[in-house]
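I set out to record where charged side chains pair in this structure. The entries below follow the order in which I looked things up.

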Amino acid sequence: MATNKSARPMDKQIGVNLARLRRERGLSQAKIGEALGVTFQQVQKYEKGVSRISGSRLGDICAVLQVPITALFEGIDLHTNTVLRDSVQDFTALPGAMELIKSVNALSP
């Protein structure tokens, strides 16, 4: 069986969710890596979907982020293993998006 080295859509979506949750909590890739016992480069690979995340590592990540494991699977249809498109989720995954949302929310009416 040949192995496909490219990131799969599901792995990318889990990485997008990891990055979003990490940023929402104000954590750096280095902080997450330190808590997991890996380098920040490995966290980057997880977030890009280049490195798949094992089940036990998913649990470790959720413990660090203090979220249920389902949070990492948001935007994925688990019955078909397909990624659902969500423009809001796509936007919030962008660097700086959460800071922008927080700044707008802080504006007085």
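Entry 1. I looked up Glu-24 and found that Glu-24 forms a salt bridge with Arg-25, with 3.5 Å between the closest N and O atoms. The model is a predicted one. I noted Glu-24 as partly exposed, at a relative accessible area of 30%. Arg-25 is also partly exposed, at 34% relative accessibility, because that class lies between the 20% and 50% cut-offs.

Entry 2. I then asked which residues are linked in a network of salt bridges. The network consists of Arg-20, Glu-24, Arg-25 and Glu-74.

Entry 3. I turned to Arg-22, whose side chain meets that of Glu-47 in a salt bridge of 2.6 Å, N to O. This pair links distant parts of the chain, with Arg-22 in helix 1 and Glu-47 in helix 3, 25 residues apart.

Entry 4. Arg-52 is in the loop between helix 3 (40-48) and helix 4 (55-65), while Asp-11 is in helix 1 (residues 9-24). The two residues are 41 apart and link distant parts of the chain. I recorded Asp-11 as buried, since its relative accessible area is 15%, under the 20% limit.

Entry 5. Finally, I looked up how many salt bridges the count comes to. The count is six.

Key: Residues numbered from 1 in each chain as written. Predicted model: local features only at pLDDT ≥ 70, side-chain atom pairs only at ≥ 80, totals over all residues. Heavy atoms only, no water. Salt bridge = Lys/Arg side-chain N within 4 Å of Asp/Glu carboxyl O. Helix = DSSP H or I, 4+ residues; strand = E, 2+ residues; numbered from the N terminus. Buried < 20%, exposed > 50% of the residue type's maximum accessible area, 1.4 Å probe, protein only.
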